[in-house]
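Work through the exercises below with the sequence and the coordinates side by side, and try each task before reading its solution.

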Amino acid sequence: MAPKKAPVEEPPPEPEEPAEPPPPAEGDETELETGLKLPLRANDVGRIWAMKEDYDAQLKMIAQLLGLEESGPPISRKNIICEFHLFNVTHCKTLCLTQRQGAVFHAIMAQILDKITEPGPKQTTNGGVEEYFKEYERLLLMHSIHDPPGRLAIFKGAEARSLSDYASTTLFQHFLLYQSCLRCNRDVQTLRFNVELDRPAPPPDLATARQKPGKKPGKKPESQSSSPDAEGDGGDGEEKTAGAGREEQFSEEDDIQRLVNEKLRETEARLEAKLAEREGRFKEMLAAKKG
């Protein structure tokens, strides 16, 4: 008998290559082929634009999307950073750019701003603005020329020039101000004052207080005696007193009315004199023109 052949071992199956992740949906990409990371996606830019003129809501959304709401720089720097990003995104809308273009331009400006905030050597007179501007030009040209994958034509030539003009008149024109606000801590000065207040005087001792004597009822006057004749005289006296009081009141009102009338007559006389004087001047002017 012929010897049995050894079983042939089958080669192990080749490992399956991992499936490539599906490309991100349109408007949700967070990184370009050039390696530029997008802190704000195109859809995020569209949500900010949809708020239109609601300035506070736009700043709040930018702080949430960039993770600056809960933890981040101090409130003074946080406001500067959020307003900087909002102005950049809003300017893209005024240039009628797409949401993707707005996200790419925001990423370029955000990358320059991050480099400004990094601690570095002591500031010079220009703060090294040329180096940062060269970096900005490099990133903008990288996304203005079609040469994939290293370069993508996100912006056209006219759009790139408009964005460069905007960056030159905002960030790079006020570069030292941005650098000072984002790098240097704000000086805090605490002032303390000692204020001396006058205390009220202590109240008098109530143990030595005495009751104030009240008015003692006096004797009835002769006009109020118990005789009938006196009672009659007393009634006439009360009527006379009341009449005298009314006469005094009327005399005061008459004096006031008399003074008011005199002032009115004086004012009226002055006004009539002024009117007569103006009328005379007017007649003289007419006569001079006719002559």
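Predicted model: local features only at pLDDT ≥ 70, side-chain atom pairs only at ≥ 80, totals over all residues.

Residues are numbered from 1 along each chain as its sequence is written, and side-chain values use heavy atoms, with hydrogens and water left out.

**Exercise 1.** Determine how the axes of helix 4 and helix 7 cross, and which residues make the contact.

Solution. Begin with the elements: helices are DSSP runs of H or I with at least four residues, strands are runs of E with at least two, and both are numbered from the N terminus. The axes, which are lines fitted to C-alpha atoms over the stretch in contact, with angles from 0 to 180 degrees between N-to-C directions, come within 9 Å for helix 4 (residues 99-117) and helix 7 (residues 175-183) and cross at roughly 60 degrees. Helix 4 is therefore oblique to helix 7, given that angles under 35 degrees count as roughly parallel, over 145 as roughly antiparallel, 65 to 115 as roughly perpendicular and the rest as oblique. Next, list the contact (heavy atoms within 4.5 Å): helix 4 supplies Leu113, Lys115, Ile116 and Thr117, and helix 7 supplies Phe175, Gln179, Leu182 and Arg183.

**Exercise 2.** Describe the largest pocket by its volume and by the residues closest to its centre.

Solution. A pocket is an open set of points on a 1 Å grid over the protein atoms alone, where a 1.4 Å probe fits, with protein on both sides within 12 Å along at least five of seven lines, and lining residues have an atom within 4 Å of a point. The volume, the space filled by probe spheres set on the points, is about 250 Å³ for the largest pocket. Of its 13 lining residues, the closest to the centre are Leu68, Ile81, His85, Leu113 and Asp114. Helix 3 (75-94) and helix 4 are the elements that give two or more residues to this lining, and helix 4 contributes the largest share, five residues.
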